[in-house]
Amino acid sequence: MTLPLRDDDSRLKFCDDFFEAVDAKVVYQSDDYREYELPRDVDKELTDRPYYWMWVEKTGQQVPSTILRLAFSSEAVERENQRLREAAMQEAVERGASELELRFLRPPMAEYVALGSFRLQKICESVEGRGRFATVGILSDHAQDRIVPWLMVNFLISSRCDLVSEEFLSLAVCLINGQVVQDFYRKIEHLPVSRMSAETCLKHAKLTLNAGFDCLFRHVERDLGQRPTDWALSAKQRMMSEVKQLNTYYDSIMPSLKEEERAVANREKDRKIEELTSRVSPRIEVAMTQAALIGLPERSK
């Protein structure tokens, strides 16, 4: 399986899909290169300049839209930066810039969208925030088909101790009859969806969204309660072994300490034991990563 965003082509497609979804216009494009004109809400999420926007909104300024210049290969960075320098220089000469201005001219620059880069991180944060809850659906070719509302929740299940194991769990409940389906995202990911109003999606619902969430949370709780606990028992044994080592160490040094030093050592021991148990005691954490209200036509498969 190819890991996401590990190559230039996948990052380019990811950014194209993202900016199309947020209604950012492509104002210039070439091989492995895009210039996007950002809507204001997207600009605030991606450019990390809160004081600038505070000033704009306080003063009521009409400012031009930001153009984000993104390159997706090292060749594109070099090529487009050369083009931008030449274009900026030509524009400056045409408007009669002085020799001093030309000397200190700072043309716009393309930035390489590499894995781990600041811009890609901000885009991923925006996707995560915007994707926490979506309302989408599939419009049927048959007008008489009613829309069946499903509430899907993707959970991240983390089994934590001195080791960490994580898994994603995708569940959905039908808001007409309460049926719960596991691995729901994989069952619908091939379907073409588009935005759908919540009113349209919930037209035939018998359960409320709150009832749907409660149903899914109870399902997760039952599922976790039926899982093996041997990993937790082993982790607890390892933790108690470390606690025993701490106690043994402090017991060995106590006779050589003065009375006031013993009090300090006891507090230090208690602090270390508390830190150890809070860090490695076995536990399961459940996080709701995304939720979606999905309207499927009654005949969809």
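1. A polar contact is a pair of N or O atoms within 3.5 Å, where, within protein, one atom must be able to donate a hydrogen and the other to accept it, and residues adjacent in sequence count only if both atoms are side-chain atoms. D7 caps the N-terminal end of α1 in this way, with a side-chain oxygen 3.2 Å from the backbone nitrogen of D9.

2. The model is a predicted one, in which local features need pLDDT of at least 70 and side-chain atom pairs count only at pLDDT 80 or more, while totals for chains, interfaces and linings use all residues. Residues are numbered from 1 along each chain as its sequence is written, and side-chain values use heavy atoms, with hydrogens and water left out.

3. Helices (H or I, at least four residues) and strands (E, at least two) are DSSP runs numbered from the N terminus. Helix α1, residues 8-21, has 14 residues and spans 20 Å from its first C-alpha to its last, close to the 20 Å expected, the expected span being 1.5 Å times one less than the number of residues. After α1 comes D23, with a positive phi near 65 degrees.

4. With buried meaning under 20% relative accessible area, exposed over 50% and partly exposed in between (1.4 Å probe, protein chains only), the buried residues of α1 are R11, L12, C15, F18 and F19. Seen down the axis of α1, these fall within an arc of 135 degrees, so they line one face of the helix; the arc is that of the directions from the helix axis to the C-beta atoms. The face turned away from the buried side carries the exposed residues D9, K13 and E20. The buried residues of α1 pack against β2, α2 (40-46), β3, β4 and α6 (118-130), where contact means heavy atoms within 4.5 Å.

5. Four strands form an open sheet of mixed pairing in the order β1-β2-β3-β4, two strands being paired if DSSP finds at least two bridges between them. Its edge strands, each pairing on one side only, are β1 (25-30) and β4 (111-112). Strands β1 and β2 (residues 33-37) run antiparallel and are joined by five bridges, and Q29 stands opposite R34 in β2.

6. A further open sheet, also mixed in its pairing, has six strands in the order β8-β7-β6-β10-β5-β9, with β8 (180-182) and β9 (194-195) as its edge strands. Strands β6 (residues 147-160) and β10 (residues 283-297) pair in the antiparallel sense over 14 bridges, and F155 stands opposite M288 in β10.
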